[in-house]
2 protein chains.
Amino acid sequence: MNIPSPYLLMLGDSSDPLSIKTARGIHYWRPEKCLGQLRLNESTASLSLPDMDIKTASDMGVKTLVLGTANAGGVLAEHWIPLIVEAIELGMNIASGLHQKLTDVPAIAHAANLRGVSLFDLRHNNEQLDVGSGAKRSGRRLLTVGTDCSVGKMFTTLALEKAMQDKGFDATFCATGQTGILIQGSGIAIDAVVADFISGATESLSPECQPHQWQLIEGQGSLLNPAFSGVTMGLLHGAQPDALVLCHEVGRDHMRHLPHMAMPELEDIMVLSVSLAKLTSSNPQFVGIAVNTSVLDDAEALSYLNALSKQYGLPATDPVRYGVSSIVTRIEQQF
Amino acid sequence: MNIPSPYLLMLGDSSDPLSIKTARGIHYWRPEKCLGQLRLNESTASLSLPDMDIKTASDMGVKTLVLGTANAGGVLAEHWIPLIVEAIELGMNIASGLHQKLTDVPAIAHAANLRGVSLFDLRHNNEQLDVGSGAKRSGRRLLTVGTDCSVGKMFTTLALEKAMQDKGFDATFCATGQTGILIQGSGIAIDAVVADFISGATESLSPECQPHQWQLIEGQGSLLNPAFSGVTMGLLHGAQPDALVLCHEVGRDHMRHLPHMAMPELEDIMVLSVSLAKLTSSNPQFVGIAVNTSVLDDAEALSYLNALSKQYGLPATDPVRYGVSSIVTRIEQQF
């Protein structure tokens, strides 16, 4: 999947700032890809990008209209269809993170076929994949792993990419989820592949590279979240990580959406990750801990991170508050 | 997926006995479901079932034509299509383990639609699934786990079902692979579901039941096979096993199709399986070891199994040579 940029970000018609989370992520990490936003109402949540209609966007050179909202049910609103068709007729590709496939909407599929543009359904995978082999690949790989889902694995991986590039590393973000794919313009939604191909998809996403190059692979789920552990396990074995970064959120008292499942200890995830990663990586090592400390005040957060750092002998940081340069320093020292 | 029996087993046109392995499994475990075989040449490998054409099979009450061969590439031979259409027109359902979907062959899809029969594409999953929750379910569950793929997990699980039923247990085989599904007439091909739903599919396959009932879940892959470990992990967490049986094949010097991957130690798989299973099962315990000892002579096999049994304090048997009653006795004692 290779999504041409620049993008026009469709923000739809919801005034809820949470509904444009995906679009906000794209704009935050790749502002240079985002030429404008398309809002259907004055009250629609905004990213403070230039408001732009389809025609203007086309004149400005936009290559892809991104449906960057997460509306209830993941269904495409009927009244969006004419706008999407208009964009297609002006030569734009369409990328969507909705459950409902663009290719299943006859008017959209027909227009795209006629105009020869691409429809990117990010939640669905049509690529021909191979099963994994576990064969050693050259180059360096880092994988983020978590105590749970939604603890900042994508953010941390992107922050590491930026900080490593700033220090002169040849480092590339490898996207495994739909927001990550829209940010990077490429990737594989690993939770959407057929189960047999989880590790194979990960291997194809982070292929052999030069010995000095780093592939920074976005983690998914958790080895100890019973809903998604299969995805996490296949990702770990396929990623063949040299370096691991643990992601966690302070204050979560049970696994996401699973009130009967206690949160695992950080140490349990670390021991298990290293032990399992050894199947395909000769010497996997943790290089840092990234924590979402948003429920703590500054003094509490620093004291918490300090304690973690001492306990595990690793840099511990909140990437949003304090950046990830401490982790990059550790990578410089260790590799 | 519920596949109506009795079956007519299509054996096709290959003289290679290995090509009819799936059909042989169905006939071995569920002879009462198999009314006849359909061979296209005199040299086609045989199961010694009555040879039967489509018309006769229909007159005898066959409900499903099973394409029980594994031909190269998994593609449907052109000259089979008229036979399949004939079966459909006489009211039979069609079940296929081929990669190529029945529903993708226009003549077959059209005929099935017209006649109102079902097309079962076992390698593909169309069911609406939920993600797993890990919530505790009543009833007893047993899962077979292996050192690798193709080490006898399906055979062992089916042998346990038969031996437990013979001893008066209320025990049911839960199929997770295509041959198992054809044998049982129901199940979910767990390696064909979208990655996010591995554990959820397993939970729906082995739902809450009476406290004395046993669900015997067919294992897949291996936690230490880098190609399929994601499937195995999701299956383990979804199965919530009370009892585990380890399956192994003597004499394999590397993981299947992966000459660079050494076979794991039995002990490593057992320790890892119990440790990971504890996420969703309060007290998972191994109750036996099932080994394919076909490369050993009788004396060697018995001595090998004896040594294993002493080492791990568990019954160790070759299900094909010596049955699984020792494992059933252990289950009786332990639960």
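Biologist: Before we look around, what does "buried" mean here, and what kind of model is this?
Modeller: Buried means under 20% relative accessible area, while exposed means over 50% and partly exposed lies in between. Please keep in mind that the model is predicted.

Biologist: Thanks! Is Asp148(A) buried or exposed?
Modeller: Asp148(A) sits in the loop between β6 (140–146) and α5 (153–166) of chain A. Its relative accessibility is 0%, and the cut-off for burial is under 20%. Asp148(A) therefore counts as buried.

Biologist: Which backbone nitrogen does the side chain of Asp148(A) reach?
Modeller: Residues touched by Asp148(A) include Gly221(A), Asn225(A), His254(A) and Arg256(A). With the side chain of Asn225(A), the side chain of Asp148(A) makes a polar contact of 2.9 Å. At 2.7 Å, the side chain of Asp148(A) also reaches a backbone nitrogen, that of Arg256(A).

Biologist: How many residues apart in sequence are the parts tied together by Arg252(A) and Asp148(A)?
Modeller: Arg252(A) and Asp148(A) form a salt bridge, with their closest N and O atoms 3.0 Å apart. Arg252(A) lies in the loop between β9 (243–249) and α9 of chain A and Asp148(A) in the loop between β6 and α5, so the pair ties together parts whose separation in sequence is 104 residues.

Biologist: And is Arg252(A) buried or partly exposed?
Modeller: The relative accessibility of Arg252(A) is 17%. The limit for burial is under 20%, so Arg252(A) counts as buried.

Biologist: What about Glu161(A) and Arg30(A): how far apart in sequence are the parts they tie together?
Modeller: Here too there is a salt bridge, with the closest N and O atoms 3.0 Å apart. Both Glu161(A) and Arg30(A) are buried. Glu161(A) belongs to helix α5 and Arg30(A) to the loop between α1 (21–29) and β2 (34–39) of chain A, so the parts they tie together are 131 residues apart in sequence.

Biologist: Over in chain B, how many residues apart are the parts tied together by Asp51(B) and Arg39(B)?
Modeller: The side chains of Asp51(B) and Arg39(B) meet in a salt bridge of 3.0 Å, N to O. Asp51(B) lies in the loop between β2 (34–39) and α2 (54–59) of chain B and Arg39(B) in strand β2, so the parts tied together are 12 residues apart in sequence.

Biologist: Are Asp51(B) and Arg39(B) buried or partly exposed?
Modeller: Asp51(B) has a relative accessible area of 48%, and Arg39(B) has 24% relative accessibility.

Biologist: Which residues do salt bridges that share partners join into one network?
Modeller: Asp148(A) and Arg252(A) came up above as a salt bridge. Salt bridges that share partners make one network out of Asp148(A), Glu249(A) and Arg252(A).

Biologist: Which element gives the most to the side of chain A that touches chain B?
Modeller: The two chains bury about 2500 Å² between them, 65% of it on carbon and sulfur atoms. Elements giving two or more residues to the side of chain A are α7 (198–205), α8 (229–239) and α9 (266–277). With 6 residues, the one that gives the most is α8(A).

Terms used
Residues numbered from 1 in each chain as written. Chains lettered and ligands numbered in written order. Predicted model: local features only at pLDDT ≥ 70, side-chain atom pairs only at ≥ 80, totals over all residues. Heavy atoms only, no water. Helix = DSSP H or I, 4+ residues; strand = E, 2+ residues; numbered from the N terminus. Buried < 20%, exposed > 50% of the residue type's maximum accessible area, 1.4 Å probe, protein only. Polar contact = N/O pair within 3.5 Å; in protein donor to acceptor, adjacent residues only side chain to side chain. Contact = heavy atoms within 4.5 Å. Buried area = accessible area lost by both parts, 1.4 Å probe. Salt bridge = Lys/Arg side-chain N within 4 Å of Asp/Glu carboxyl O. Lists of a residue's contacts leave out its neighbours within four places in sequence.
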